[in-house]
Amino acid sequence: MEELMVALNKTWPGIIVQYEDFKNPFPALAKYQNKYPCFNDDIQVLVWVSHNKLYNSSKKEGLTEDEARRCFWFVDTKGLITNDRGDKLADHKVYFSRDDNEGKQFKTLPEVVEHVKPTILMGLSTIRGIFDESIVKRMAELNKSPIIFPLSNPSSQAECTFEEAMKWTDCRALFASGSPFPDYTQDGETYSAGQGNNMYVFPGIGLGSILWQNFMHQSRNGKLSYISTPQLKLSVLPLPPSEISSGRLYPELNRIREVSVIVARQVIRAAQNLNFDREPSIRDLNDEQLDEWIRGRMYDPTFQSKISCRTEEFDA
């Protein structure tokens with residue numbers, strides 16, 4: 001990995017490296033994130049798409065950061081993550097570790113659901129079927145509109161399917177998955193699955209970073225700084241009334257390029273607000289002008305060509 005990172009940055013200075021589908025990206029991020037522009041789509045970008053939307057919504061309700069943090073219960077292979085569980089927690093788990101379990105340990109997901117009585121289930125386990133019928137039906141008993149997010153990819157490893165979630169909640173579930181699922185029809189009404197995939201965010205992050213010329217800023221004292229999640233202000237992807245009325249939680253995929261423009265704009269704005277940007281010509285543009293500037297620099301996969309051919313006949 002060291003040889004690769006050195007070679008990439010030597011060949012393309014300032015390149016942004018995306019660690020795609022690493023089984024365990026934490027070591028690479030820990031080693032290189034303060035040295036090279038890099039990110040992992042599953043660990044960092046998915047946070048913007050799912051958790052950050054919920055987390056920021058909690059803070060908008062007037063909660064402090066600590067109060068918002070305590071609205072989340074995290075479960076791993078050993079059960080609910082608590083301070084007194086007896087094992088050494090990885091650094092990335094410590095922030096959300098619970099201290100209000102009164103010495104009790106909850107080792108299974110059904111136990112945690114019964115203890116917490118949550119409004120949302122978010123799955124990142126890659127364990128097919130862990131959101132089983134009993135758990136999803138219990139969520140439907142606890143909530144008028146239970147939020148079910150089986151975000152694991154591919155669909156064969158999703159915690160439950162869209163059809164299962166709708167059947168088990170009498171079509172009351174607010175559903176989003178990491179991979180696409182087919183529509184579900186019941187009693188003559190057709191429902192479409194939301195797809196809470198990081199594809200909504202990381203193309204725009206890359207585009208915005210390239211356009212303002214860097215993802216990571218190096219100050220005069222050599223200290224490296226990043227644009228953080230709150231600074232990007234991506235907790236809400238705008239939905240038109242037609243998508244809201246159809247029950248969608250995320251934009252339709254045919255608008256993905258427009259979503260990327262919005263994300264790229266927020267990346268550029270965050271860089272400008274922090275004085276990280278290196279493209280002074282766009283600092284005075286309003287949002288509409290900046291969006292148009294971004295569109296003019298997006299790659300368009302449509303290829304048109306006109307080839308003229310001249311046929312000449314030769315005598316044998």
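1. Four strands make up an open sheet, ordered E5-E6-E7-E10, and their pairing is parallel. Strands here are DSSP runs of at least two residues (E), helices are DSSP runs of at least four (H or I), and both are numbered from the N terminus. Two strands count as paired if DSSP finds at least two bridges between them. E5 and E10 are the edge strands, each pairing on one side only. Please keep in mind that this is a predicted model, in which local features need pLDDT of at least 70 and side-chain atom pairs count only at pLDDT 80 or more, while totals for chains, interfaces and linings use all residues. Residues are numbered from 1 along each chain as its sequence is written, and side-chain values use heavy atoms, with hydrogens and water left out.

2. Strand E5 covers residues 120–123, and E5 pairs with E6 in the parallel sense over four bridges. Leu121 stands opposite Ile148 in E6, and Gly123 is opposite Pro150 in E6. The chain goes from E5 through helix H7 (residues 133–142) to E6, and this β-α-β crossover is right-handed. Right-handed here means that, with the strands pointing away from the viewer, the path from the first strand over the helix to the second runs clockwise. On E5 itself, Leu121 and Gly123 form the covered face, whereas Ile120 and Met122 form the uncovered one.

3. E6 (residues 147–150) and E7 are joined by two bridges in the parallel sense. Ile147 has Leu174 in E7 as its bridge partner, and Ile148 stands opposite Phe175 in E7. From E6 the chain crosses through H8 to E7, and this β-α-β crossover is right-handed.

4. Ala176 stands opposite Gly194 in E10, while Ser177 is opposite Gln195 in E10.

5. Do have a look at Ile135, which sits in helix H7. Ile135 is buried, with a relative accessible area of 4%. For these terms, buried means under 20% relative accessible area, exposed over 50%, and partly exposed in between, using a 1.4 Å probe and protein chains only.

6. The peptide bond from Asn153 to Pro154 is cis, with omega near -10°, and Pro154 lies in the loop between E6 and H8. Cys171 has a positive phi of about 65° although it is not a glycine. Cys171 belongs to the loop between H8 and E7 and is buried, at a relative accessible area of 15%. Asp187 is another non-glycine residue with a positive phi, near 55°. Asp187 lies in the loop between strand E8 (184–186) and E9, and it is exposed, with a relative accessible area of 77%.

7. Finally, the second largest pocket has a volume of about 290 Å³. A pocket is defined on a 1 Å grid over the protein atoms alone, as an open set of points where a 1.4 Å probe fits, with protein on both sides within 12 Å along at least five of seven lines; a cavity is a set from which the probe cannot get out, and lining residues have an atom within 4 Å of a point. Grid points are joined across faces, edges and corners, and the volume is the space filled by probe spheres set on the points.

8. Which residues lie nearest the centre of this second largest pocket? They are Met166, Tyr191, Ser192, Ser246 and Gly247, out of 17 lining residues. Helix H8 (162–168), strand E7 (174–177) and strand E9 (189–191) are the elements that give two or more residues to the lining. E9 gives the most, with three residues.

9. By class, the lining of this pocket has nine nonpolar, five polar and three charged residues. Ala, Val, Leu, Ile, Met, Phe, Trp, Tyr, Cys and Pro count as nonpolar, Asp, Glu, Lys and Arg as charged, and the others, Gly among them, as polar. At least three lining residues come from each of domain 1 (21–43 + 198–296) and domain 2 (54–195), with domain bounds taken from an automatic or database domain assignment.
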